[in-house]
Amino acid sequence: MPLSIDNQNKLDAFWAHCVKNQYFNIGYPESADFDYGSLERFMRFSINNCGDWGEYCNYLLNSFDFEKEVIKYFAQLYRIPFEESWGYVTNGGTEGNMFGCYLARELYPDSTLFYSKDTHYSVAKIVKLLRIKSQVVESLPNGEVDYQDLISKIKRSGDEHPIIFANLGTTVKGAMDDIKKIQELMAAAGFARQDYYIHGDAALSGMILPFVDNPQAFTFADGIDSISVSGHKMIGSPIPCGITLAKKKNVDMISVEIDYIAAHDKTITGSRNGHTPLLLWHALNYYTFEEQKQRIAHCLKMAQYTVDRFKQFGIDAWRNKNSITVVFPCPTERVWKKHCLATSGKYAHLITTAHHLDTSKIDELIADVVADMEPVVA
Ligand SMILES: Cc1ncc(COP(=O)(O)O)c(C=O)c1O
């Protein structure tokens with residue numbers, strides 16, 4: 001039965017709302033500069049990537065070939081030989097973080113997971129779900145982990161195989177935990193590298209750092225054991241998604257043979273979205289490496305513009321190196337609500353995602369923040 005007139009009207013109204021607000025976002029890391037029109041025809045199919053893209057699957061409508069290419073792309077980006085890695089397209093950064101923590105817990109079942117106060121809220125949930133012992137570590141003012149507190153908490157725990165959850169771009173301040181420094185401090189504390197695990201949460205910055213000239217350490221060659229990246233953030237996607245990548249030998253430990261699907265199960269969910277691998281594959285093939293670099297360079301330029309402009313008005317705005325997240329003092333509720341900003345304690349942030357082709361939205365926000373500070377004349 002076709003939809004009723006009322007229901008059709010409801011959909012039409014929502015369509016108009018989406019069109020009007022397509023580029024509203026300056027407070028969250030979701031980019032809106034994508035065009036997946038050529039993939040719309042696949043919406044008529046029930047595509048399901050249940051299982052491992054590397055194996056035969058009885059369910060014919062899968063997009064495994066595309067998923068494999070996506071994972072191959074990221075293995076190269078994060079500097080791990082493809083044949084030594086395994087990963088998959090997730091529902092987003094949270095699932096990828098859960099996957100990394102799950103692998104670490106299976107490797108070191110009685111260990112503690114250490115994460116900083118600036119870590120995304122989902123990690124506290126993940127440690128609850130996975131029942132991993134955990135300790136929260138202090139953060140530095142710029143959002144990086146407090147390295148001394150991390151090492152002293154690890155030492156005090158007596159853990160032989162600590163699990164370190166490293167932020168490669170925090171949610172609020174875009175801060176990067178220095179995984180080189182962490183490894184140096186761990187070595188000085190007497191830990192051999194193979195005796196502890198580092199998961200990197202690169203939800204947003206995972207698609208920034210590979211494209212800048214002087215990135216902080218973020219790859220497997222730099223020392224991570226697994227990584228999670230969101231697809232709907234820097235890349236941009238109409239459906240939340242992401243990728244997670246890990247060392248194959250660690251993934252093999254959790255792999256279970258399932259007769260019902262005639263394949264191995266090694267992912268967090270059973271049925272998996274078959275459309276999102278297509279979206280990511282499209283996005284990764286849409287830009288050349290050089291074009292992606294230019295797209296990122298534009299976002300970073302806009303971020304620096306924002307910092308400079310705020311400062312011209314005496315407002316203490318700042319950003320971390322290679323970050324498109326500009327932090328500034330939280331304005332009044334009227335202003336942050338008007339601009340749909342994310343706020344955290346005394347801070348708000350603006351994220352210069354790729355759909356900001358010009359500075360108009362940024363200028364509008366800054367003008368409102370400035371007006372908000374000026375004393376009201378009675
Ligand atoms: C640093 C960080 N990690 C994890 C997440 C969760 O990612 P997702 O929303 O894709 O699940 C976010 C989301 O904002 C994030 O900023």
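The model is predicted, so I took local features only at pLDDT of at least 70 and side-chain atom pairs only at pLDDT 80 or more, while totals for chains, interfaces and linings use all residues. Residues are numbered from 1 along each chain as its sequence is written, and side-chain values use heavy atoms, with hydrogens and water left out.

**Sheet.** β10 and β12 (residues 347–351) run antiparallel and are joined by 5 bridges. Strands here are DSSP runs of E, at least two residues, and helices are runs of H or I, at least four residues, numbered from the N terminus. Two strands pair if DSSP finds at least two bridges between them. I read the order as β10-β12-β11, an open sheet of 3 strands with antiparallel pairing. β10 (325–329) and β11 (342–344) are the edge strands, each pairing on one side only.

**Helix on the sheet.** I noted that helix α9 (residues 289–312) lies across β10 and β12 and runs at about 20° to β10. Axes are lines fitted to C-alpha atoms, for helices over the stretch in contact (heavy atoms within 4.5 Å), and angles run from 0 to 180 degrees between N-to-C directions.

**Cores.** A nonpolar core is a set of buried Ala, Val, Leu, Ile, Met, Phe, Trp, Tyr and Cys residues joined through side-chain atoms within 4.5 Å; buried means under 20% relative accessible area (1.4 Å probe, protein chains only). The largest has 82 residues, of which Phe74, Tyr78, Ile243 and Leu245 touch the most other members. Helix α2 (residues 64–77) gives the largest share, 6 residues. Another core, of 18 residues, lies apart from it and includes Phe310 and Val326.

Definitions and conventions
Buried < 20%, exposed > 50% of the residue type's maximum accessible area, 1.4 Å probe, protein only.
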